[in-house]
Amino acid sequence: MTQVIVLNGGSSSGKSGISRCLQAVLPDPWLVLGVDTLIDAMPGAMQTSDAGIEFASDGEVIVGPEFRTLEAAWIEGVAAMARAGARLIVDEVFLGGAASQQRWQKNLDGLRVLWVGVRCESTVAAGREIARGDRVTGMAASQADVVHRGVVYDLEVDTTHAESMECARAIAAHAE
């Protein structure tokens, strides 16, 4: 039985909607954790510091050494939760492509993980970004392809034309 489902995709690709639908269709309770949870838990000053995480006006996300230190502890903690018996859906944005996946793979070693790529055409994701109003304009377009570079998946879904529930059902079928 799958213990961790890692959803990787760019901003506004549909990961959060898929996560909520997965919680509704999967047996047993599943917790959703993600990079936004980590960022929200950080002190506000880290979002304006070269050492933390910065969101440039063009949508680029720049991470510094203090962010990486906290991220490493976060990933290790998420893996510990899975080892303790929690089933987890991880909503991630692999800004470093394959290098980001490798950080997770190292910590999730020995666990049953389903790696899922969540794709969405950049123009569609950009439209969602504008509609959401809580993202820096340009983030969706800048992340749409880069987050998938060199990443190996067990399954990929595309939310360009598919609804979150349809994607969640496809993922759930692979999670057993």
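A salt bridge here is a side-chain nitrogen of Lys or Arg within 4 Å of a carboxyl oxygen of Asp or Glu. Everything below comes from a predicted model, where local features need pLDDT of at least 70, side-chain atom pairs count only at pLDDT 80 or more, and totals for chains, interfaces and linings use all residues. Residues are numbered from 1 along each chain as its sequence is written, and side-chain values use heavy atoms, with hydrogens and water left out.

**View 1. E156 and R119 form a salt bridge between two strands.**
The closest N and O atoms of this pair sit 2.4 Å apart. E156 belongs to strand β7 (residues 155-158) and R119 to strand β6 (residues 113-119), so the bridge links distant parts of the chain, 37 residues apart. Helices (H or I, at least four residues) and strands (E, at least two) are DSSP runs, numbered from the N terminus. Both partners are partly exposed: E156 has 43% relative accessibility, and R119 has 29%. For the labels, buried means under 20% relative accessible area, exposed over 50%, and partly exposed in between (1.4 Å probe, protein chains only).

**View 2. R87 pairs with D28.**
This is another of the five salt bridges in the structure, with 3.1 Å between the closest N and O atoms. R87 is in strand β5 (residues 87-92), while D28 is in the loop between α1 (15-25) and β2 (30-34), so the contact ties together parts that are 59 residues apart in sequence. R87 is partly exposed at 25% relative accessibility, and D28 is partly exposed as well, at 44%. Take a look at the backbone of D28 too: its phi is positive, about 70°, although D28 is not a glycine.

**View 3. R68, E71 and R103 make up a salt-bridge network.**
Within it, E71 and R68 have their closest N and O atoms 2.7 Å apart. These two are three residues apart in helix α3 (residues 65-83), so about one helical turn separates them. What about E71, buried or exposed? E71 counts as buried, with 7% relative accessibility, whereas R68 is partly exposed at 31%.

**View 4. Helix α1 has a buried face of its own to show: K15, G17, I18, S19, C21 and L22.**
Each of these six α1 residues is buried. Which elements cover them? The cover includes β1 (4-8), β2, β5, β6, β7 and α7 (164-174).

**View 5. The largest nonpolar core has 29 residues.**
A nonpolar core is a set of buried Ala, Val, Leu, Ile, Met, Phe, Trp, Tyr and Cys residues joined through side-chain atoms within 4.5 Å. V4, V6, F67, W104, L108 and W115 have the most contacts inside this one. At least two core residues come from each of β1, α2 (35-41), α3, β5, α4 (98-108) and β6, and α3 supplies the largest share, six residues. Zoom in on W104 and you'll find it touching W74, I75, V78, V90, E92, F94 and W115, leaving aside residues up to four places away in sequence; contact means heavy atoms within 4.5 Å. Apart from this core lies another, of 19 residues, among them I5, V116, V118 and A172.

**View 6. The largest pocket has a volume of about 680 Å³.**
On a 1 Å grid over the protein atoms alone, a pocket is an open set of points with protein on both sides within 12 Å along at least five of seven lines, a cavity is a set of points where a 1.4 Å probe fits but cannot get out, and lining residues have an atom within 4 Å of a point. Grid points are joined across faces, edges and corners, and a volume is the space filled by probe spheres set on the points. The pocket has 37 lining residues, with S11, S12, K15, D36 and R135 nearest its centre. By class, that lining splits into 12 nonpolar, 11 polar and 14 charged residues. Ala, Val, Leu, Ile, Met, Phe, Trp, Tyr, Cys and Pro count as nonpolar, Asp, Glu, Lys and Arg as charged, and the others, Gly among them, as polar. S12 is in the loop between β1 and α1, is buried at 6% relative accessible area, and has a positive phi of about 65° although it is not a glycine.

**View 7. One cavity of 30 Å³ or more turns up.**
The largest cavity holds about 40 Å³ of space. Its lining consists of G9, G10, S11, S13, V118, R119, C120, A125, A140, A144 and H148. Sorted by class, that gives five nonpolar, five polar and one charged.
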